[in-house]
Structure formats: structure tokens, C-alpha cells
Amino acid sequence: MRLGHRYGGRMALSHDVTLPREQEATFPDRCVACGTEGPEDLYTVRQRPLSFLPFLSPLFSVFTSKVEASAPACRDCREECVRQVRYRSLLSFVLLAGVATVVIVWHEQLLPTTRGTRKLAFLGYALIGVGPTILLDVFAPRAFDITARKDTVDYEFRSESYAEEFADNNGAAVE
Ligand SMILES: [Zn+2]
């Protein structure tokens, strides 16, 4: 297992396979979430340029060419995955909006007056705002996600065996 690289580091506990961007990925005929053979549906994910701010990605997708991938999934699993993404987007929005509101309203009480410590305090509040969402993504990885780079796409799977089968299908290796 490798500690995935969505956040620039190698943190997420996902199993990643990197393919060239122009390569059409071939998925195993199994549900990407539960592994059931021959699932009836597809779970589609799109590139999220700022994965810790998913609710902002519609704004940014205007400026980036969209990359998407569809993995086989049972209908129930697909719905569960979609719901999870929505909950996490909502959570990150509520957290950030909440922290921002608290800091704006009570800044006189919350922010130190000297410049250096003020910066530190801002950093602290930003961490409170995005930290929980990042931790969730790292320690409870999504069943399937992608991270598009300039020339490559990382396919990130929660299941190690699924990632291995995917890598075999596409002449690549699990990182
Ligand atoms: Zn399933």
C-alpha cells in the first residue's frame, strides 16, 4: 500500500494506479465499492482541482479541461458514493463558512494583535476549517476517485485487490 498523493504528499490510504491521460482505462467487471461481479451501473467521478474544497470545483472546472472516469458499480453502491461526496462537500462548506463567520464576527476577541501571532491564528482557524474534511478523505478514502495531472490521471481505489486488477487490465502497477 502506498500513502496516496491527493494532497501533494503521500497521505491518503488509497491504492493508486497512474495512467497516461490519453489512455482509455479498462475497469474490472466488478463493483468498485463492494466487488460484486457484473454490476448494472456506473459511478462517474470528475476531476476535482481543489479536492479539499470540493464545493468550489464547479468554479474552477471552467478553467480546467474536465477529466472524468466511470467505474462499474451496483446501483445502491453508486448512490451511496454520490451521497458520500455530497455529505463531504456539505461538511467542508459548513465548516469553512462556520469558521469564517466566527472569525469575522469575533475577530477582536479571537485574533491576537501582534502580526506574527495573528498569522499563526489565521493558520489555526484555516486548519480547523479544512482539517476534518482532509482527515476524512485520508482515513476513510472514497471507493473510487481520480486526480488529474498535466499528462497523467491517478485512479484511486479503496480496495487493494480492485486496484491490482485494474492495474493488470491497463498494463500498469499499483503505487
Ligand atoms: Zn456494489
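Me: How many helices and strands are there in the protein?

Reply: Five helices and five strands. Helices are DSSP runs of H or I with at least four residues, strands are runs of E with at least two, and both are numbered from the N terminus. Along the sequence the pattern reads β-β-α-β-α-α-α-β-β-α. Please keep in mind that this is a predicted model, where local features need pLDDT of at least 70, side-chain atom pairs count only at pLDDT 80 or more, and totals for chains, interfaces and linings use all residues. Residues are numbered from 1 along each chain as its sequence is written.

Me: Happy with that. What does helix 2 reach from its first C-alpha to its last?

Reply: The expected span of a helix is 1.5 Å times one less than its number of residues. Helix 2 (residues 75-105) has 31 residues and reaches 44 Å, close to the expected 45 Å.

Me: Which residues of helix 2 are buried?

Reply: A residue is buried if 20 or more other C-beta atoms lie within 10 Å of its own, exposed if 12 or fewer, and partly exposed in between, with C-beta atoms placed from the backbone. In helix 2, Cys-77, Arg-78, Cys-81, Ser-92 and Leu-96 are buried. The buried residues of this helix pack against strand 2 (41-46), strand 3 (68-73) and helix 4 (115-139).

Me: At what angle do helix 2 and helix 4 pack?

Reply: Axes are lines fitted to C-alpha atoms, for helices over the stretch in contact, and angles run from 0 to 180 degrees between N-to-C directions. Here the angle is about 170°, with the axes 8 Å apart. Angles under 35 degrees count as roughly parallel, over 145 as roughly antiparallel, 65 to 115 as roughly perpendicular and the rest as oblique. Helix 2 and helix 4 are therefore roughly antiparallel. Among the residues making the contact are Leu-95, Leu-96 and Val-99 of helix 2 and Gly-129 of helix 4.

Me: Why does Gly-129 count as buried?

Reply: Because Gly-129 has 21 C-beta neighbours inside 10 Å. Two residues are in contact if their C-beta atoms, placed from the backbone, lie within 7 Å. Leaving aside neighbours within four places in sequence, Gly-129 is in contact with Leu-95, Leu-96 and Val-99. The C-alpha atoms of Gly-129 and Gly-98 are separated by 7.9 Å, although these residues are 31 apart along the chain.

Me: And for the protein overall, what share of residues counts as buried?

Reply: Of its 175 residues, 27%.
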